[in-house]
Amino acid sequence: MSRPTGRVLTLLELLQSGGTRTVAELADRLGVDGRTVRRYVDQLIDLDLPVESVRGRYGGYRLAPGHRLPPLMLSDDEALAVLLGLVAGRRAGLMTAGHTASETASAKIRRVLPKHLARRLDTLLESLAFTDQPGEFATPDAGVLLTIADAVRHRRPVSIRYTDRDGRRSERTLHAYGIVAHAGRWYVTGNDPEIGEDRTFRLDRIADARTLPGSFEAPVGPDPAQQLLSGFATAEYRHEVTLRIHGTVEQIRAHLPAGVARLEEHSPTADEDRATERWLRVELRAERLDWLPPALASLDRPFVIERPDELRDLVIAHAERLASHARQS
């Protein structure tokens with residue numbers, strides 16, 4: 001590669017790092033004079049790259065949004081970070097438009113990697129193991145995701161076409177508060193102004209979204225992630241369970257996270273902190289109870305079952321099975 005060509009590519013890399021670069025700064029970084037910098041900029045513009053001139057005291061050049069993505073200049077560490085991020089996102093299910101976009105993006109980056117880095121990446125991926133299986137989740141439409149994100153940022157109402165878990169379709173207006181990624185799925189939290197209630201919707205079940213005129217004020221209260229977890233913990237299920245557990249907040253949350261159970265915390269006194277063991281009230285809803293006895297056993301803290309009686313019977317049966325196994329020689 002000739003030196004002028006290398007300097008043009010270096011100029012592109014500097015502009016891609018963001019912000020406005022003065023001619024003096026670019027000339028110093030490239031080791032050339034200001035006139036040469038302007039000539040290099042003209043070469044980038046001739047290649048149809050969106051470089052724009054900024055006038056004024058702090059003016060110079062910057063890379064503007066263009067009609068196509070300019071060539072990316074990634075260091076070895078940056079390329080590795082992007083590829084590992086794509087692998088992790090694909091396994092977590094946090095992708096849009098299925099796996100195709102992730103796979104083609106990975107292939108494009110791998111195709112231009114230096115051979116030594118490609119070999120090291122292959123070695124890493126071959127030696128990498130995961131403790132869980134890759135998620136197989138329905139993915140949201142990229143257009144829907146971006147439309148709702150724009151509505152969240154600008155506090156604009158959005159119209160959505162939604163299909164619920166029973167297959168019922170509806171069109172509704174949503175005041176979207178935020179987008180939350182949780183357990184391999186994308187959700188949007190917000191208020192349904194027609195019924196005056198806060199709701200949570202899975203983004204992969206939204207077939208279409210379009211921004212409406214007007215605006216709204218987001219209420220003061222729990223952030224979207226807390227609202228989502230609280231909604232999961234209080235959703236309607238077959239069984240309503242109430243417990244009292246003696247332990248710290250951290251001990252209980254390690255086995256009954258916020259997305260599963262609601263924990264009634266009391267403000268600690270002057271001589272009591274969050275790590276103090278005390279009786280705390282725990283409420284949760286569940287479609288089945290058979291998973292709770294092992295969870296309570298692993299918690300290894302004193303507890304009292306207030307309801308339902310069925311859970312008490314299951315815990316006793318679980319304890320008897322453990323005792324029976326322990327007596328076997």
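1. A crossing of two helices is called left-handed if the near helix is turned anticlockwise from the far one by less than a right angle, and right-handed if it is turned clockwise. By that rule, the crossing of α10 and α11 is right-handed. Helices (DSSP runs of H or I, at least four residues) and strands (runs of E, at least two) are numbered from the N terminus.

2. This is a predicted model, in which local features need pLDDT of at least 70 and side-chain atom pairs count only at pLDDT 80 or more, while totals for chains, interfaces and linings use all residues. Residues are numbered from 1 along each chain as its sequence is written, and side-chain values use heavy atoms, with hydrogens and water left out.

3. The protein chain has 11 helices and 11 strands. Of its 329 residues, 33% are buried, where buried means under 20% relative accessible area, exposed means over 50%, and partly exposed lies in between (1.4 Å probe, protein chains only). The chain exposes about 20,400 Å², and carbon and sulfur atoms supply 50% of that area, as computed by the Shrake-Rupley method with a 1.4 Å probe. Among contacts (heavy atoms within 4.5 Å) with a separation of 6 or more, 62% join residues 24 or more positions apart.

4. Two packed helices are described by the angle between their axes and the distance between the axes. Axes here are lines fitted to C-alpha atoms, for helices over the stretch in contact, and the angles run from 0 to 180 degrees between N-to-C directions. For helix α10 (residues 292-299) and α11, the axes come within 9 Å and cross at roughly 65°. The contact is made by L292, P293, P294, L296 and A297 of α10 together with L311, L314, V315 and H318 of α11. By class, that contact has 8 nonpolar, 1 polar and no charged residues, with Ala, Val, Leu, Ile, Met, Phe, Trp, Tyr, Cys and Pro counted as nonpolar, Asp, Glu, Lys and Arg as charged, and the others, Gly among them, as polar.

5. H318 deserves a separate look. This residue lies in helix α11 (residues 309-327) and is buried, with a relative accessible area of 15%. Leaving aside neighbours within four places in sequence, H318 is in contact with P293, P294 and A297.

6. The crossing of α1 and α2 is right-handed. R7, T10, L11 and L14 in α1 meet L26, R29 and L30 in α2, a contact whose residues divide into 4 nonpolar, 1 polar and 2 charged.

7. L174, in strand β4 (residues 169-182), is buried, with a relative accessible area of 0%. Leaving aside neighbours within four places in sequence, L174 is in contact with R156, P157, V158, V188, G190, N191, D192, P193 and F201. L174 and V188 are 14 residues apart in sequence and 9.6 Å apart in space, C-alpha to C-alpha.
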